[in-house]
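Please read them with the structure open.

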Amino acid sequence: MRLALRLAARGAGWTSPNPMVGAAVVKNDRVVGKGYHRGYGLPHAEVEALRRAGDAARGADLYVTLEPCNHHGKTPPCTQAILEAGVRRVVVAVRDPNPRVNGGGAEFLASQGVQVEVGLLEAEARRVNEAWFKWMATGLPWVMAKAACSLDGRMATATGESQWLTGEAARAFGHRLRHLSDAILVGVNTVIADDPQLTTRLPTKDRRPKTEDRFKDPIRIILDSRLRLPLTARLLNLDSPAPTWVACTEAAPAEKRRALEKKGAEVLVLPEESGRVALQPLLALLGQRQVQSLLVEGGAEVLGSFFDQKLVDQFFFFYAPKFLGGRRALSVLGGEGAARLQDASQARDLSVRRLGPDLLLSGYLSPGQYLC
């Protein structure tokens with residue numbers, strides 16, 4: 001099952017809105033076939049593994065990280081492939097919460113004489129698909145906050161200089177996070193100040209999901225209540241298959257909206273809260289559009305708003321070995337902040353990783369109900 005979990009992770013960034021799934025066929029204590037779901041619309045992990053096993057699958061055990069589907073979707077039901085292959089036992093890590101599947105796949109296989117076991121390494125399997133499980137349970141995307149700062153928590157110097165605080169290894173990891181995310185979000189002030197592309201830029205980039213070492217661009221989302229986004233912004237003039245969405249309020253001028261649409265952007269008109277785009281309705285809309293994972297990259301006020309409203313599930317903070325200091329230097333989090341210590345957002349499951357000269361501190365803020 002651990003092998004199946006490692007295989008599942010190879011589909012990261014490509015399978016949404018499907019989950020990542022891995023499978024291994026075992027006969028006489030030997031792996032005779034393995035596979036993973038390589039991308040949305042492509043064969044499921046079970047089918048890949050059974051094809052590789054061939055005749056050796058008859059009488060074998062199948063280990064799979066998620067309950068096999070028992071319905072027609074983009075592909076035929078995996079339960080049928082399992083029966084046709086002659087598998088004698090299926091070991092499932094976790095049940096599929098999808099109403100069309102939950103219990104149905106396991107129960108159907110059992111009714112056909114296949115031995116079925118459920119629950120092996122369930123917690124690990126849920127962690128692999130944490131964004132998908134949250135989306136299935138709530139209809140909302142998994143929100144990841146990402147920031148780069150100095151050891152004293154500053155995003156820029158007092159004069160506004162910020163590029164580049166961290167080194168190449170940290171920036172490469174950040175681009176990997178973009179590949180793993182369905183969408184990336186920044187505020188319009190960040191676009192005006194830095195003119196970012198918000199694309200995934202890594203040496204092995206290729207937009208075709210053929211192998212696990214190729215990458216895609218996320219959907220670009222700009223928070224821009226009054227549509228101040230310059231029409232000359234680089235993210236409006238890219239050669240990228242990923243769309244750009246600009247979220248505004250009713251107060252935004254209609255003429256600018258039309259101009260942005262002519263540039264190829266889609267303008268999303270959302271409710272207003274304190275003069276800004278309301279974040280809860282935005283997340284609900286993204287969930288309806290099958291955005292399961294959202295990477296929030298800034299700036300400080302946007303990040304602060306997500307933290308203030310307890311909307312962050314996971315965070316990735318990169319720390320450069322520098323002290324910037326200065327009263328006017330920009331803090332990594334803006335917003336209102338916690339008035340009392342008891343109101344502070346409590347991090348859990350912290351981990352620290354060295355990336356060249358920099359440190360990556362990551363962890364979780366959501367209570368973890370999607371992983372149970």
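1. R88 sits in the loop that links helix 3 to strand 4; helices (H or I, at least four residues) and strands (E, at least two) are DSSP runs, numbered from the N terminus. This is a predicted model, in which local features need pLDDT of at least 70 and side-chain atom pairs count only at pLDDT 80 or more, while totals for chains, interfaces and linings use all residues. Residues are numbered from 1 along each chain as its sequence is written, and side-chain values use heavy atoms, with hydrogens and water left out.

2. Is R88 buried, exposed or partly exposed? Its relative accessibility is 43%, so R88 counts as partly exposed (buried means under 20% relative accessible area, exposed over 50%, partly exposed in between, with a 1.4 Å probe and protein chains only). Leaving out residues up to four places away in sequence, R88 touches G59, A60, D61, V114 and Q115; contact means heavy atoms within 4.5 Å. With Q115, R88 is 27 residues apart along the chain, and the two C-alpha atoms are separated by 6.3 Å.

3. Helix 3 (residues 78-85) and helix 4 (residues 104-111) have axes that come within 10 Å and cross at roughly 25°. Axes are lines fitted to C-alpha atoms, for helices over the stretch in contact, and angles run from 0 to 180 degrees between N-to-C directions. Helix 3 and helix 4 are therefore roughly parallel to each other (angles under 35 degrees count as roughly parallel, over 145 as roughly antiparallel, 65 to 115 as roughly perpendicular and the rest as oblique). Their crossing is right-handed; a crossing is left-handed if the near helix is turned anticlockwise from the far one by less than a right angle, and right-handed if clockwise.

4. Which residues make the contact between helix 3 and helix 4? Helix 3 contributes T79, I82 and L83, and helix 4 contributes G105, F108 and L109. By class, the contact of helix 3 with helix 4 has four nonpolar, two polar and no charged residues. Here Ala, Val, Leu, Ile, Met, Phe, Trp, Tyr, Cys and Pro count as nonpolar, Asp, Glu, Lys and Arg as charged, and the others, Gly among them, as polar.

5. Helix 3 also packs with helix 2 (residues 45-53), at an angle of about 20° and with the axes 9 Å apart. Helix 2 is therefore roughly parallel to helix 3. The crossing of helix 2 and helix 3 is left-handed. On the helix 2 side E46, V47 and L50 take part, and they meet C78, A81, I82 and A85 in helix 3. The contact of helix 2 with helix 3 divides into six nonpolar, no polar and one charged residues.

6. The largest nonpolar core has 37 residues, of which M1, V25, L50, L62, I82, V87 and V90 touch the most other members. A nonpolar core is a set of buried Ala, Val, Leu, Ile, Met, Phe, Trp, Tyr and Cys residues joined through side-chain atoms within 4.5 Å. At least two residues of this core come from each of helix 1 (2-9), strand 1 (22-27), helix 2, strand 3 (61-64), helix 3, strand 4 (89-92) and helix 6 (130-138). Helix 2 gives the largest share of this core, five residues. Apart from this core lies another, of 33 residues, among them V143, C149, I221 and V332.

7. V25 has contacts beyond its neighbours within four places in sequence, including R30, V31, A49, L50, A53, D61 and L62.

8. A131 is in helix 6 and, at 16% relative accessibility, counts as buried. Residues up to four places away in sequence aside, A131 touches W142, Q292 and S293.

9. Two peptide bonds deserve a look. The bond from S16 to P17 is cis, with omega near 10°, and P17 lies in the loop between helix 1 and strand 1. The bond from G298 to G299 is cis, with omega near 5°, and G299 is in the loop between strand 13 (293-298) and helix 11 (300-308).

10. Backbone phi is the last topic. L227, a residue other than glycine, has a positive phi near 55°. L227 is in the loop between strand 8 (219-223) and strand 9 (244-248) and counts as buried at 3% relative accessibility. S274 has a positive phi near 55° and lies in the loop between strand 11 (272-273) and strand 12 (276-277). At 76% relative accessibility, S274 counts as exposed.
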